[in-house]
Amino acid sequence: MSEAQAICDRLLALPAPAKLNLFLHVVGRRDDGYHLLQTVFRFIDLCDEIDLVLREDGVIARTAGPSEVAPETDLVVRAAHALRAATGCTLGVDIAVRKRIPMGGGLGGGSSNAATVLIGLNRLWRLGLSRQRLQAIGLALGADVPVFVFGRSAFAEGVGERLQPITLPPTRYLVVWPGVGVPTATIFNDPGLTRNTPAVTLASFSEIESVAYAEFGRNDLESVASSRFREVRDALNWLRQFGPSRMSGSGGCCFTSFKQSLLQPTEPPPAPSNMQAWCVDGIDIHPLAHWVHDEASP
């Protein structure tokens with residue numbers, strides 16, 4: 001084995017892409033309190049970076065990450081422990097997280113980080129688990145984790161775990177972080193949240209013209225978030241000069257897509273001082289999708 005290969009077997013530097021919810025409908029609620037959703041997930045090329053360094057002493061440690069999150073509660077650490085508990089593996093890992101995706105922004109940064117750790121450790125620890133097994137482990141960590149393991153744009157139902165692949169046209173998005181994190185639980189527990197939106201079908205979404213995707217359905221969480229957080233409302237209003245705007249997930253990031261007839265910029269227009277903006281491209285396939293195999297059909 002070469003020295004370079006030996007290093008690769010002990011160290012991985014991996015991307016963790018953000019996602020957008022092109023629409024998000026709350027169609028019901030289970031007896032256990034979890035909400036039933038319909039949404040389309042799309043990955044974007046705004047990514048956190050995760051470094052994994054193999055340890056043979058069994059220690060799982062976060063060596064770098066957001067100061068606002070205690071290491072023991074960070075989803076990346078919890079993902080590593082969950083994977084080890086599911087397999088009996090005795091190896092450890094040092095995990096370093098370099099954040100670009102805003103926290104509490106509805107872009108799935110924490111869930112994506114956890115999924116990247118599951119995928120990366122599956123290789124680093126030589127576990128050989130299938131995509132479906134990793135998705136099941138991820139679901140116990142959070143409802144958005146499975147789609148990042150699933151590895152492609154998806155129409156999602158249930159609590160977000162029932163996934164069907166979907167192919168979307170190349171699209172550039174203008175994404176805005178309004179400078180405020182929105183607690184997911186606060187939005188879902190709000191008595192004013194719509195919980196009975198009629199269900200749609202994948203076919204009804206797929207039949208529309210690609211330029212109209214931004215106008216399909218709505219985000220049922222948006223009205224609650226924008227009423228509670230002025231910053232979200234301001235971001236939506238600012239974005240409307242470029243096209244129909246929508247909040248992603250439970251907020252507070254908002255986005256619009258550039259129409260095909262317009263020159264698509266590579267740099268975002270100047271945003272108000274309290275906001276941060278990115279021009280990003282949609283990606284249909286997760287950068288690590290090829291690292292995981294599907295279970296063989298019976």
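Helices (DSSP runs of H or I, at least four residues) and strands (DSSP runs of E, at least two residues) are numbered here from the N terminus. Just after helix 3, R126 adopts a positive phi of about 55°.

The model is predicted, so local features need pLDDT of at least 70 and side-chain atom pairs count only at pLDDT 80 or more, while totals for chains, interfaces and linings use all residues. Residues are numbered from 1 along each chain as its sequence is written, and side-chain values use heavy atoms, with hydrogens and water left out.

**Helices 2 and 3**

Helix 2 (residues 75-87) and helix 3 (residues 109-124) have axes that come within 8 Å and cross at roughly 35°. Axes are lines fitted to C-alpha atoms, for helices over the stretch in contact, and angles run from 0 to 180 degrees between N-to-C directions. The crossing is right-handed, a term that applies if the near helix is turned clockwise from the far one by less than a right angle.

In this contact (heavy atoms within 4.5 Å), L75, V76, A79, A80 and L83 of helix 2 meet G110, S111, N113, A114, V117, L118, L121 and N122 of helix 3. By class, the contact has nine nonpolar, four polar and no charged residues. Ala, Val, Leu, Ile, Met, Phe, Trp, Tyr, Cys and Pro count as nonpolar, Asp, Glu, Lys and Arg as charged, and the others, Gly among them, as polar.

The 13 residues of helix 2 reach 18 Å from the first C-alpha to the last, close to the 18 Å expected at 1.5 Å a residue. The expected span is 1.5 Å times one less than the number of residues.

Helix 3 is mostly covered, 14 of its 16 residues being buried; buried means under 20% relative accessible area, exposed over 50%, and partly exposed in between (1.4 Å probe, protein chains only). In helix 2, the residues L75, V76, V77, A79, A80, L83 and R84 are buried. Their cover includes strand 2 (35-55), strand 3 (60-64), strand 4 (92-98), helix 3 and helix 4 (131-139).

**Strand 7**

Six of the six residues of strand 7 (residues 172-177) are buried, so the strand is largely enclosed by the rest of the structure. R172, L174 and V176 point one way, whereas Y173, V175 and W177 point the other way. Strand 7 pairs (DSSP finds at least two bridges) with strand 10 (residues 276-283) in the antiparallel sense over six bridges, with V176 opposite A277. Strand 7 also pairs with strand 9 (residues 254-257) in the antiparallel sense, over four bridges; here L174 stands opposite T256.

N113 lies in helix 3, V180 in the loop between strand 7 and helix 6 (184-188), and A289 in the segment after strand 10. The table gives their relative accessibility.

| Residue | Relative accessibility | Class |
|---|---|---|
| N113 | 3% | buried |
| V180 | 13% | buried |
| A289 | 14% | buried |

Leaving aside neighbours within four places in sequence, N113 is in contact with A16, D48, I50, V76, V97 and K99. With the same exclusion, V180 is in contact with G104, F229, E231, V232 and G252. V180 and F229 are 49 residues apart in sequence and 8.0 Å apart in space, C-alpha to C-alpha.

A289 touches R131 and G151, not counting residues up to four places away in sequence.
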